[in-house]
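Subject: Structure handover

Hello,

Here is the structure I said I would pass on. My notes follow below it.

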Amino acid sequence: MSNTLLELKDLHAGVEGKEILKGISLSVGRGEVHVILGPNGSGKSTLMNVIMGHPKYTVTAGTIRFEGEDIAKAKTFERARRGLFLSFQTPEEIPGITVENMLRTAKQAVTGERVKILPFRKQLRAMMEELRIKPEYAERYMNVGFSGGEKKRNEILQLLMLDPKLALLDETDSGLDVDAVQIVSEGVAKYHHAGNACLIITHNTRILEKLTVDRVHVLISGRIVEEGGAELVADINANGYTHIAGAQAGE
Ligand SMILES: Nc1ncnc2c1ncn2[C@@H]1O[C@H](COP(=O)(O)OP(=O)(O)OP(=O)(O)O)[C@@H](O)[C@H]1O
Ligand SMILES: [Mg+2]
């Protein structure tokens, strides 16, 4: 079995006729943690949405392979079934469906198996306790009226309950207080093992403290302009993006 989970080759994609991703190539192996850094508006969320198959975006060239298979034309739910998961930068509010029902329905949809209510509830409650989410939140409508930080914690709850092969985390740590960053970072570390992988977008490095970062990709104006190991995170924290080779390559 190949160790590669996700492989992008010369991926070009855009929205409403505007090209945003201008030739992205990267490969994420099982057991790895990759980080995408880049200034606001560089295309990071677009990349995550394109990998997940958001219908708003059009792939105009290049390939997206997951476990060796071309998924560029697969619908979002098919990608979820294959083991992809996206934690949104701005999680949606879904009135009318409780957190527990939403997660159980999602679990059934991705596994294709019936998920029994009582064992699921027990597992959910245990996970909520670890993430310090009060039990009554299971009965609230998905994200409705949740604070920004509560929504992000709820994303990690979904990650842990759905247990995907590849977690795409889009600024799951933004807007969190110091304790919540710690909880979210512990949650990601708890999820991660040698058989799965994480692709993490962050502007804050505290979420990475509990993880071993294998590879860092710097995205500027829709292109990866620099790649390296974990040391690149510290370098960018200290010096910003302007000194990065190719940072001016832009448009
Ligand atoms: N529907 C759209 N129409 C036109 N431009 C769009 C559309 N959606 C996104 N863009 C543009 O694409 C670019 C990349 O946006 P994206 O959200 O991927 O950036 P980002 O790197 O995630 O930024 P941030 O760090 O602020 O989250 C931005 O310039 C954005 O304005
Ligand atoms: Mg973004």
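In which helix is Gln-108 found? Gln-108 belongs to helix 3, which covers residues 99-111. Please keep in mind that this is a predicted model.

Gln-108 is partly exposed, with a relative accessibility of 23%. Its side chain reaches the backbone nitrogen of Val-115 at 2.8 Å. Leaving aside neighbours within four places in sequence, Gln-108 is in contact with Glu-113, Arg-114 and Val-115. The C-alpha atom of Gln-108 is separated by 9.9 Å from that of Arg-81, and the two residues are 27 residues apart along the chain.

Next, the metal site. Ser-45 (OG) and Gln-89 (OE1) coordinate the magnesium ion (ligand 2), at 2.0 to 2.1 Å. Ser-45 lies in helix 1 (residues 44-52), while Gln-89 is in the loop between strand 6 (84-87) and strand 7 (94-98), so the pair ties together parts that are 44 residues apart in sequence. Gln-89 counts as partly exposed, at 33% relative accessibility.

Is Thr-202 buried or exposed? Thr-202 has a relative accessible area of 1%, and because buried means under 20%, Thr-202 is buried. The side chain of Thr-202 makes a polar contact with the side chain of Asp-173 at 2.5 Å, and the Thr-202 side chain also reaches the backbone oxygen of Asn-204 at 2.4 Å. Not counting residues up to four places away in sequence, Thr-202 touches Val-35, Ile-36, Leu-37, Asp-173, Ile-207 and Leu-208.

Regards

Terms used: Residues are numbered from 1 along each chain as its sequence is written. Chains are lettered from A and ligands numbered from 1 in the order in which they are written. This is a predicted model: local features need pLDDT of at least 70, side-chain atom pairs count only at pLDDT 80 or more; totals for chains, interfaces and linings use all residues. Side-chain values use heavy atoms; hydrogens and water are left out. Donors are N, O and S atoms within 2.8 Å of the metal (3.2 Å for Na, K and Ca); water is not among the atoms, so sites may look incomplete. Helices (H or I, at least four residues) and strands (E, at least two) are DSSP runs, numbered from the N terminus. Buried means under 20% relative accessible area, exposed over 50%, partly exposed in between (1.4 Å probe, protein chains only). A polar contact is a pair of N or O atoms within 3.5 Å; within protein, one must be able to donate a hydrogen and the other to accept it, and residues adjacent in sequence count only if both atoms are side-chain atoms. Contact means heavy atoms within 4.5 Å.
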